[in-house]
Amino acid sequence: MTAWNHGYVTDSPYTFSYQPAQTPGSIAMVCAMAGVAWQPRPGMALLDIGCGRGLTVNVLAAANPDWNVIGLDYNPAHIAEAQELADAAELGNAGFVEADLAAMTDAELDQLPELDVVTIHGVWTWVSCRMRCVLALCGCWHGG
Ligand SMILES: C[S@@+](CC[C@H](N)C(=O)[O-])C[C@H]1O[C@@H](n2cnc3c(N)ncnc32)[C@H](O)[C@@H]1O
């Protein structure tokens, strides 16, 4: 039987880090440099796949109260800490989903709202080939 973490390190939590490359302002700048017209808009929904301990999600939610910002990670310790921070900061617009992206069913994916932006940072080079295929099919913004 395959372990839930597919060999990924889970016995110690990832660093507690904020990733500015994942902010929609940064994405808009990169889009502009590539000649793609895109701007963040009010009421957006964002998903951060492999959100780690959730600092980026929580900061984005705090700075943009009208956005719905969701973090997804399969490490229960990361999701618990991320949710704890959102609760302590009373961020009603930050949410966290504990799930293995590579194993999510259609029904589970349907639980997510319609998304404007999907980001992923620091995951691509750490995960299996199968997971990279899933991410590519999702059309994720790859921030590192
Ligand atoms: C290197 S950390 C990056 C964390 C954060 N995105 C950052 O850049 O600070 C990779 C994260 O991806 C999560 N992860 C790896 N494979 C995953 C999978 N199949 N489904 C969901 N999360 C996954 C890990 O638990 C970990 O939190």
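A polar contact is a pair of N or O atoms within 3.5 Å; within protein, one atom must be able to donate a hydrogen and the other to accept it, and residues adjacent in sequence count only if both atoms are side-chain atoms. The model discussed here is predicted, so that local features need pLDDT of at least 70 and side-chain atom pairs pLDDT 80 or more, whereas totals for chains, interfaces and linings use all residues. Residues are numbered from 1 along each chain as its sequence is written, and side-chain values use heavy atoms, with hydrogens and water left out.

Consider the ligand. An N or O atom in the side chain of His-78 is 2.9 Å from a ligand oxygen, and one in the side chain of Gln-19 is 3.0 Å from an oxygen atom of the ligand. Asp-100 places a polar side-chain atom 2.8 Å from a ligand nitrogen. The protein buries 98% of the 600 Å² that the ligand exposes when taken alone (Shrake-Rupley method, 1.4 Å probe). The ligand is surrounded by 20 residues (a heavy atom within 4 Å), and Gly-50, Asp-73, Asp-100, His-121 and Gly-122 are the closest.

Consider next the protein interior. Nonpolar side chains tend to be buried together in soluble globular proteins. A nonpolar core is a set of buried Ala, Val, Leu, Ile, Met, Phe, Trp, Tyr and Cys residues joined through side-chain atoms within 4.5 Å, where buried means under 20% relative accessible area (1.4 Å probe, protein chains only). The largest such core has 17 residues, and those with the most contacts (heavy atoms within 4.5 Å) inside it are Leu-46, Val-57, Trp-67, Val-69, Ala-94 and Phe-96. Another core, of nine residues, lies apart from it and includes Leu-47 and Met-104.

Technical notes. Buried means under 20% relative accessible area, exposed over 50%, partly exposed in between (1.4 Å probe, protein chains only).
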